[in-house]
Every structure is written in C-alpha cells, then in structure tokens.
Amino acid sequence: MPVTENLLAINVSSVNPLEEANRTLTVCNACRYCEGYCPVFKAITYRRSFDQPDLDYLANLCHQCGVCYQACQYAPPHEFGIDVPKALNLLRTDNYARFAWPQQAGKLFQHNPIWFSLITGLCLALLMYLSSLPTSLGKPVESGNFYAVINHSVMVIFAGLTFTYSIVAITLATRRYWKTINEKSTVQTNWTSIGKAIRASLALTHLSNQNSVGCPSENDQPSAWKRYCHQLTLWGFLLCFMSTCIATAYHYFLGIQAPYPYFSPPVITGTLGGLMLLAGTSGFIFLKFGQPRAKQMDQWQLDLTLTASLWLIALTGLVLMVLRETNAMPALLVIHLGFVFGFFITMPYSKMVHGLFRFFSLVLYYIESASSPANPIKRQT
Amino acid sequence: MAATQTVQQSVDIVIVGGGHAGLCAAITAAGSKARILLLEVAPQAMRGGNSRHTRNLRAAHSSPTATMGGIYSQTEYLQDLLKVTSGNTNQSLARLMIDESESLLVWLGKQGVAFQKAISGSLNLESTNAFFLGGGKALLNALYGKAQALGVRVLYEANVVCLEVENNRFEGLVYEHKGQQIHLSAEAVILTSGGFQANKDWMKSAWGDAAENFLIRGTPYNKGLPLKEMIRHQAKLTGDAKQCHAVAIDARAPRYDGGIVSRLDCVSFGIVVNNRALRFYDEGEDYWPKRYAIWGRLVAQQPGQIAFAILDSKTEGLYIPSLYPPISANDISTLAGLLEIDPIVLNRTVSQFNNSTNNGLFQPESRDGLATHNIEPRKSNWALPLDTPPYLAFPLRPGITFTYLGLEVNSKAMAKNQSGHPFENVFAAGEIMAGNILGEGYCAGTGMTIGGVFGRIAGRQAAACL
C-alpha cells in the first residue's frame, strides 16, 4: 500500500540538505503552531509544497534563533525528529557553496574555513610587507607611521585588489541567489519591500523579543543575549567600515595623512567599532561554546571562523592602535592586516554571505506577504 | 522489582502528572511555601502529557483582549458547551469553569505564557480561543520554568504505581524512578495524570478489538494508572469508558503522538466511504471543525475501523496541505485498487453520488446548502460531483485525544468517594476529571480550560488543607 511508503518518507531524516528541509517544512506546513514566531513560518503558509528555490529562500530567511525548536512538539526524540534550525542550517551551508563564485572556491573554503582564511590572509600580508621592503628597508620607523612599514601604494594595490575581488565575488553570488529565489515571483520588486527589509535587518526585528520570545539559550527559557551580541557585532562592523571610509576620504579628498590623532573621527569610530565588535564576538564565542547544540549544527565551522576572524581583527586592531608608537607596531600591523585580508578574501564564501542572502530573502518575504492573502486556508484546533 | 529497597520520602503536596493542569496546580500552591513535588512520568524531552500537542484554550471575555477580538459571553460559552455535550455536563462545574476562564488567561500571561493573535480565518475561533505562541510545548516550557523558579521540585520518569488511601484520606504513594521504588508520604495529592487512552488493554475492555485500530493522537504516557488506583479506592466516577475526544485523522499517522499534523480537514469537500466502498454519513452536515469530533466515532463504527475520504482535484487548495500526500489516481478504479477496496462498488458509489448532486453555487466558506437529492445518506452542503481527475484519497482512522471516564469532583476539585462525599485531601484536575464537564462531544480548546481552571483550584485547595 502507498500508505507505508509515505510513512517512511516523513519519519526518516535525510542527509541530503534539500530532502531534509523539504521533509521538515512539510511537517511544519501541516502543523503551523509556530506561525507567530518569524517570517519563515508565515512564508511556509503561502505554499502547498516546496521546490528547490522555495527551500533555498526559506533556509536563508531563518535567523537560527532556535525558538521554534524549543517549542516543537515533534523535536527529537519524537519519531519525526523535527529540528527546523538544524535542517535549514544544513541547507544554508549547501547554499553558500552552491551559489558561490567561483563555485569551486566555495567548496574549497568549506573544507577547512579556519585555516583557509588564516593562511590566505597572512600570506597576503607577508607578501605585501615583502613588496614594501625595497622602499622601507633601512628607513627608521617613525612613530605611528604605518606607511613607513608598508608603502602606501603597495597597501592600496593589495587592499584594492582584495576588496574588489571580494565585492565582485559576493555580488555575483548574491545575484545568482536572488535570481533563483525570485524566479517565480509575479510581483515587481518595490522600494517598500526593500525599505522594510533594510529596517528589519538593521533592527534585527526577528531576533527581537517582540513576542516576548527572545532566543532561547541552551535551556528552554528565552534569552536576549544572542540578539545583543549580534547587534554589537553588526554595528561594530559597520562602524569599523565607516572608519575606513572616513580615513580614505581624509587621505584623498582632504589630503590629511595617517596616523590620525586619537580624537579624530576615523580613530573614534574605529575604536568604538572595534570595541563593539570585540564585545559582540566575545559574547558569541561564549554563547556558542556554552551550547552543545551549536556544535551539532552543520555550520559550526563557518560560524566559528567568522566570529573568530572578526574577534581577531578587532583585537589586533585595538592593540595596534594602543601600541602604534612602540617597536611592536610593524609586526602587529602585518598580523592585523593579515586577518583583515583573510576576512575579505574569504568573505564571498564565509558566513558573511548570511547578511546578504537573508536581506534578499527578507525583500522577497515582504513582497510576497504584501501580495498574499493573510492565510487563505482556514484552520482550527 | 520486589528486591529493590523502598526509599522513604515526604513532602507537603505531591502532584501526579506534569501537564498544563499539574503545572497550574503547582504554581498556585507554590505561593503557600509548601514543599511541592511534581512527578512526571515522561522523560524531560517528552514532558507535559497531551498539553504538548495543544494550541489554544477557550475563554470567555467581556471585551476584546490583546489576542482575541470581539466578546465571548459566559452565556454563549455555556450554550456552546451544552450543544456539543447534548446537555451531558455538570452545569454548576461548567459555570464555574467558564466564570474563571477569563482570569485564567490573565494569570497564565503573568506566569510567562505568551499568546498570539488568532490566525485570520481560523473559523470563528478568533473570538473564542486564545492561541499559545508556539503552541502547547512553549506554554509548558514557560510554566515549568516558573514552577521551578518558585521552588517546585520536578522529577521526570517517575511512574506512580500505587496510591494509599485510608479512612477517606490520602496517606502516601509509591513511585518508581530509575529502577528504584520510592514511598512518598504527603499531606495532599493532586491528580493531574490524564486519561487512559494510551492503555490499550483498558481501551480494549471498553471497545473490544476495534481499539487495536485506534490511533492515539497524544502522548503515549497516559495509561491511567492513578485513575485505576482511585477506582480501587472506591472513588466515584463520571462518564463512560467509551466516551472520548475522538477525531477522524490520517490513517498513516504514527500509532502515538501524531498530534495536529495527522489532522485532515478536506472531508467535507468530498465523500467518505468505508472499506466496502459505501458511504455511511452526511459528509457536509456542518463545517468540518464542528463535525470532526463526531467522525472519530463514526469511523470507529465501520468495519476494520477505516474509511477513505475521496475528493477530486477541484477542491485541492481549499484545505491545509496534509502531512502525507493524497493517494491519487486518474480514474476511480485505479484509486480503488490503491486503497484495496472493490473498484466496481466504488465506481457505483461515486456515480450514484454524482447523479444526486444539484447545480448551485459552491461556497466553501459558508454552509452553501448545495445538497444532494434522492440519496442515502444525503450530503447537505458542498455536494460537488467528483468528476475532475486526478482523484485523491485520504485514509481515515479514529484518532483518540483523551478519554472522558474520570473522577467525579466538587467545586473545590476534590475527588469524591462512592457515597458522594469528597476525600479529605485528594484533588483532581485536567483530563482525569474532564468527564464532569464533557459528558460527550468536544468543543475546541475546552480541555485546556478545564486543566487550567481546576488546576488552579486544586492548587489553592491543597495548600489550604496543610
């Protein structure tokens, strides 16, 4: 009887990311208890079945807060063994490689993300240092002058190439992702949806305790800590980026050369950003190591790599600023830039992709939630 | 087990069963500084009995609440209850429950239970039922957290095997935990251990072999041992062993614990045949949510306790996607083959039904009166001919939520003895006494109201008798 076949399909979890996500969300769509939690569960109700683009979209819409897992009546040891965050995490990892440009680089990176980003970054920094040697060698290191260690034009070329590569690769990946998930959409992308998505991303609306949920920690009680850490990391990162932009403007438009005084806008934003980044990533590391569940996630390595590299960038950046007038500066500068380059060159393959993929998932979510009837199908208990 | 040494313990109040009712009792009694132990038979991950599968509770309210629109007066609530139970309810207890249902909602919110707005279009439940954000397991997590923060001790995998009642008074109980037998004496006991639907032998003694084919929608842990013990101690019972909340669910669901996802709500858009390929009841008598609770019994009365809902592709999309995909075929004979029922009879049943349908406006959202003529049983609404392949079938079995046979209680949630007098210190709440309110039938969300209201009363009264 076909009866038994179907039964097996629902009860048996799969190692194939798409199959497992499909199985999991099929159970969710017949249950819908989590509808009040986040956009993932509302987006599920707009569909009767899930094809590959649907699943990719839903996987990246997830913030992995874990609240639905804590609330799930079908979570293991129930025979359905439903774990939405884990299933979607598995598919996201697959996505980061599948949509990557070039695809091979994505796969290679996932093979050993930590070493991949450390080695490429430090190699680039060393290469840059060596390229500067002909001009810098023999000259005394002026107090706090980075360009005496690494020639300004060398630094511009290395940073420019790394950054350009990283932007091009991540843009291509994101474009590929957006085209895939948006394929079936009949509604035009509009500014209202983009605006809502920007707002939700910057405010982390769906990690918020708007429903007095918060993100559960390892026990089943909600906790707001993950959101605080995420906010510190996100805004810290944006401030650091802003600091770099201001410094660039100082250099090229105002003609003011580094090093900048401690109380100048680039240093203030950079320091504040660095401190926030350090606090946020420290919190993340603390939370993640405290949770056995986090380590069972497929993306554990990717999570750890991003968190650790941002932590190292923030730490070495702050130390560099404090010790910039000592003999340790040249070594610190090379190490700091190594982490920075490692971060940027692997950005198109790292968990940084999450930021963009989730943002575009949110855009699609706001488009479809505006055009879909709230819930076309009647339901009661 | 005889060889293991019995350990002695004592507390002030012992609560048997860690579902919604037990937790409401524990939290209420914890205000009194009593030493409270809650014994839960399931392991921690599967704690909470049937509450784990619940979604909402029915509450009266005189003005719109944060999550419920309109008003739902106590009178309306009582009328709804009288209708579904055909008056088979203890009216004074029912009024008490309804009266306290509104404050229960506020109280649960204070204990950390979050509610969500009723889902739009959830068939008139938006003004009568408060939905738990994330469902019953989220409610349980909040209540367990609160109870433990108040000092209630919780022990999982603790199976109560014996209750000691002497001279109308509870003296103590024996429970098994990790291979050890523990004797616990307490000043009061609150029984919140649910019905006995997961006890196959007991079900069979009421239903005969038909019970073999019942699916248990909820927890596999409700075996009714504490209820059995109270029967041994001559407690007065209410309800009938055959009465229960029984729904027609997908026959492919697991034997236990299938919960909400095993629900099918397509039935009223098609026809339902038994394994002889014959129709047996009016599929369109009323909205499915008002009829799903009678279909469990209807299917239980069919040969082999199985039935098949048969639809065509016209109405697909009008019902929630099912967990298991429909069994589908391009013609009725092939479909009958897949269902292992007689194709000739099924063809005849379908064509007789199709010939009896009338032209008219099909309106899935309301009772459209699109009925059949000259056919028995008739179909009163939504009678569209089955003529657009692929034809779809869903197998149905009775899905038991909980049994109604239970302890008769008074307004203080005290269990009664045969002579109708209450035991001094035995309280009951939740499914174990739901039969006082639900003599038969079911009204969505009432089970959780019974658990919450009587749980709080039991907690209060047990603390008062210390």
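A salt bridge here is a side-chain nitrogen of Lys or Arg within 4 Å of a carboxyl oxygen of Asp or Glu. Helices (H or I, at least four residues) and strands (E, at least two) are DSSP runs, numbered from the N terminus.

Arg169(B) has a further partner. Its side chain meets that of Glu424(B) in a salt bridge of 3.1 Å, N to O. Glu424(B) lies in strand β19 (residues 422-428) of chain B and Arg169(B) in strand β8 of chain B, so this contact ties together parts that are 255 residues apart in sequence. Glu424(B) has 44% relative accessibility and therefore counts as partly exposed. Side chains of opposite charge can pair when their charged atoms come close.

Across all chains, the search of the whole structure finds 27 salt bridges. One of them joins Arg291(B) and Glu285(B) at 2.5 Å, N to O. Arg291(B) is partly exposed, with a relative accessible area of 23%. Glu285(B), at 29% relative accessibility, is partly exposed. In chain A, shared partners join Arg47(A), Asp51(A), Asp54(A), Lys184(A) and Glu368(A) into one salt-bridge network.

Residues are numbered from 1 along each chain as its sequence is written, and chains are lettered from A and ligands numbered from 1 in the order in which they are written. Local features of the predicted model need pLDDT of at least 70, side-chain atom pairs count only at pLDDT 80 or more, totals for chains, interfaces and linings use all residues, and side-chain values use heavy atoms, with hydrogens and water left out.

Strand pairing requires at least two DSSP bridges between two strands. Strand β1 (residues 6-16) of chain B runs parallel to strand β9 (residues 180-191) of chain B, and ten bridges join them. β1(B) also pairs in the parallel sense with strand β2 (residues 36-39) of chain B, over four bridges. Ile15(B) has Ile190(B) as its bridge partner in β9(B). In β2(B), Ile15(B) stands opposite Leu38(B).

The largest nonpolar core holds 214 residues. Such a core is a set of buried Ala, Val, Leu, Ile, Met, Phe, Trp, Tyr and Cys residues joined through side-chain atoms within 4.5 Å. Phe41(A), Leu173(B), Tyr175(B) and Phe454(B) touch the most other members. Helix α17 (residues 353-371) of chain A supplies the largest share of this core, nine residues. Another core, of 23 residues, lies apart from it and includes Ile271(B), Ala329(B), Ile341(B) and Leu386(B).

Val156(A), Tyr252(A), Phe253(A), Leu254(A) and Ile256(A) make a nonpolar surface patch of about 550 Å². Helix α12 (residues 225-254) of chain A gives the most to the patch, with three residues. Phe253(A) lies in this helix. Phe253(A) counts as exposed, because its relative accessibility is 71%. Patches are made of residues with over 30% relative accessible area and no salt bridge; like charges are joined within 9 Å, and nonpolar side chains (Val, Leu, Ile, Met, Phe, Trp, Tyr) within 5 Å. Accessible areas come from the Shrake-Rupley method with a 1.4 Å probe; for residues, only the protein chains shown count as cover.

How values were computed
Buried < 20%, exposed > 50% of the residue type's maximum accessible area, 1.4 Å probe, protein only.
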